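Have the model open while you read, and take the points in order.

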Amino acid sequence: MTERTLSIIKPDAVAKNVIGQIVARFEGAGLKVVAARLTQLSQADAEAFYAVHKARPFFKDLVSFMISGPVFVQVLEGEGAILKNRDLMGATDPKKAEKGTIRADFADSIDANAVHGSDAAETAANEIAFFFPGMQIHSR
Ligand code: IDP
């Protein structure tokens with residue numbers, strides 16, 4: 001099934017200048033970038049985006065990290081895009097991420113872990129709507 005998912009290249013990976021290398025992983029796996037922009041999240045944006053984690057001990061650090069520099073937000077489209085992106089990303093903790101995954105290759109720690117990807121169809125729809133109104137998405 002053709003799906004869409006939200007991907008964020010986080011501030012650590014943007015700072016390392018590896019946006020292109022990460023996007024190449026998506027394209028190499030058959031996913032298409034159908035919307036994208038570099039943006040600076042405000043504290044309110046980051047708190048709203050990660051609201052599901054509000055009660056977690058790492059919430060404050062996560063928000064501070066996500067606003068520490070620009071992020072590259074994208075909508076990826078393709079067959080099984082949600083799971084495909086999660087597989088390409090690797091485990092949340094880069095130390096546990098499989099060799100050859102984005103997090104194994106580009107992330108430094110569980111806090112600064114290079115990428116975000118929607119984890120299910122419902123969250124993908126919500127996260128895409130959070131960043132991109134429909135008219136900014138270009139299926140091709
Ligand atoms: P995911 O990004 O792999 O989907 P989630 O469990 O949804 O992982 O957590 C969201 C983000 O919160 C992670 O990507 C990571 O940056 C941060 N995070 C998750 N667990 C921890 C932790 O135990 N310590 C610090 N940061 C964490």
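**Notes on the model**

1. Let's start with strand β4, which covers residues 115-117 and includes His116. Keep in mind that this is a predicted model. UniProt, in an unreviewed entry, puts an "active site" feature at His116.

2. Is His116 buried or exposed? His116 counts as buried because its relative accessible area is 11%, and the cut-off for buried is under 20%. Leaving out residues up to four places away in sequence, the residues that His116 touches include Leu6, Ser7, Ile8, Phe49, Tyr50 and Glu127. Lys10 is also one of the residues touched by His116.

3. Lys10 turns up again around the ligand, where the other residues include Phe58, Leu62, Arg86, Thr92, Asp111 and Asn113.

4. His53 has a polar side-chain atom 3.1 Å from a ligand oxygen atom, and for Arg103 the corresponding distance is 3.0 Å. Ile110 uses its backbone instead: an N or O atom there sits 3.2 Å from an oxygen atom of the ligand. On its own the ligand exposes 530 Å², and the protein buries 79% of that.

5. Last, have a look at Val14 in helix α1, residues 11-15. Val14 is buried too, with a relative accessible area of 15%. Setting aside neighbours within four places in sequence, Val14 is in contact with Ile9, Ile19, Leu38, Pro70, Val71 and Phe72.

Notes: Residues are numbered from 1 along each chain as its sequence is written. This is a predicted model: local features need pLDDT of at least 70, side-chain atom pairs count only at pLDDT 80 or more; totals for chains, interfaces and linings use all residues. Side-chain values use heavy atoms; hydrogens and water are left out. UniProt positions are given in the numbering used here, feature names are shortened, and annotations may be inferred rather than shown by experiment. Helices (H or I, at least four residues) and strands (E, at least two) are DSSP runs, numbered from the N terminus. Buried means under 20% relative accessible area, exposed over 50%, partly exposed in between (1.4 Å probe, protein chains only). Contact means heavy atoms within 4.5 Å. A residue is near a molecule or strand if one of its heavy atoms lies within 4 Å of it. A polar contact is a pair of N or O atoms within 3.5 Å; within protein, one must be able to donate a hydrogen and the other to accept it, and residues adjacent in sequence count only if both atoms are side-chain atoms. Accessible areas come from the Shrake-Rupley method with a 1.4 Å probe; for residues, only the protein chains shown count as cover.
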